[in-house]
Amino acid sequence: MRLILLGPPGAGKGTQASYIKQEFGIVQLSTGDMLRAAVKAGSSLGKQVEGVMSAGGLVSDDTVVSLIEQRIEEQDCVNGFILDGFPRTLEQAGKLDTLLARKNVALDKVLLIDVDEDILINRIEKRKMENSTDIRTDDNADVLKKRIEVYKMQTEPLIEYYKDLGLYCCVDGTKEVEEVRKCILRCLKT
Ligand code: AMP
């Protein structure tokens, strides 16, 4: 199973990706996690992307494509993977197509976890109150708004792109986590 998880920031992609990972025995590749690890390690990549990440912008297409390109070559990706937070632009989607074609593998599904903007902002506020010791620097309300705006402008066009390729399906991300999980499994098993 090779799957892309799409959805606005705060839609629960990471949580659902962990469930899917267990269910299908595949790895979760999160460009956000990879970039945060680089920032934490203080590597040159980390230093390069830190500013744009904490401002809620996107790092360059080439940077994330090259991260994914290297990661996908690893042995644990042979049985499949979940791309969580990648691709995020049409350019990244095109580069991913090229990359997968070169490896002679295809995507099985592109799944959107759909959540309305107002609900997202409420969720983030709640998460901040509950978990004040572990706040991401890109987790404040202003930056979140920026990230949602970037999602709408740059990432939402991917929905049409993958619809045209016949890969797209969508679940309502406003339901309870467990309900969302069931909907996703139904969607992935058909
Ligand atoms: P995420 O954890 O997926 O929400 O990503 C956190 C941040 O990392 C984003 O707001 C971007 O700054 C950066 N990032 C993650 N994935 C990508 C991507 N595919 N393209 C560009 N920037 C990304």
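This is a predicted model: local features need pLDDT of at least 70, side-chain atom pairs count only at pLDDT 80 or more; totals for chains, interfaces and linings use all residues.

Is N104 buried or exposed? With a relative accessible area of 71%, N104 counts as exposed, because that label is given to values over 50%.

Another loop, the one between β3 and α5, holds P87. The peptide bond that joins F86 and P87 is cis, and its omega is about -5°.

In soluble globular proteins, nonpolar side chains tend to be buried together. The largest nonpolar core in this model has 29 residues, and those that touch the most other members are I4, L29, F81, L83, L96 and Y162. Two or more residues of this core come from each of the strands β1 (2-6), β2 (27-30), β3 (81-84) and β4 (109-114), and likewise from each of the helices α3, α4 (61-72), α5 (90-102) and α8 (157-164). The largest share, five residues, is given by α4. Apart from this core lies another one, of 22 residues, which includes L111, V115, V171 and C187.

F81 deserves a separate look. If its neighbours within four places in sequence are left aside, F81 is in contact with M1, R2, L3, I26, V27, L29, I72 and L100.

The last stop is the packing of helices around α2. Helix α2 (residues 31-41) packs against helix α3 (residues 44-54) at an angle of about 115°, and their axes are 8 Å apart. The crossing in which α2 passes α3 is left-handed. On the side of α2, the contact is made by G32, L35, R36, A38 and V39, while α3 brings L45, G46, V49, E50 and M53. These residues divide into six nonpolar, two polar and two charged.

Helix α2 also packs against α4, here at an angle of about 100° and with the axes 11 Å apart. By class, the contact of α2 with α4 has five nonpolar, two polar and one charged residues.

Notes:
Residues are numbered from 1 along each chain as its sequence is written. Side-chain values use heavy atoms; hydrogens and water are left out. Axes are lines fitted to C-alpha atoms, for helices over the stretch in contact, and angles run from 0 to 180 degrees between N-to-C directions. Helices (H or I, at least four residues) and strands (E, at least two) are DSSP runs, numbered from the N terminus. A crossing is left-handed if the near helix is turned anticlockwise from the far one by less than a right angle, and right-handed if clockwise. Contact means heavy atoms within 4.5 Å. Ala, Val, Leu, Ile, Met, Phe, Trp, Tyr, Cys and Pro count as nonpolar, Asp, Glu, Lys and Arg as charged, and the others, Gly among them, as polar. A nonpolar core is a set of buried Ala, Val, Leu, Ile, Met, Phe, Trp, Tyr and Cys residues joined through side-chain atoms within 4.5 Å. Buried means under 20% relative accessible area, exposed over 50%, partly exposed in between (1.4 Å probe, protein chains only).
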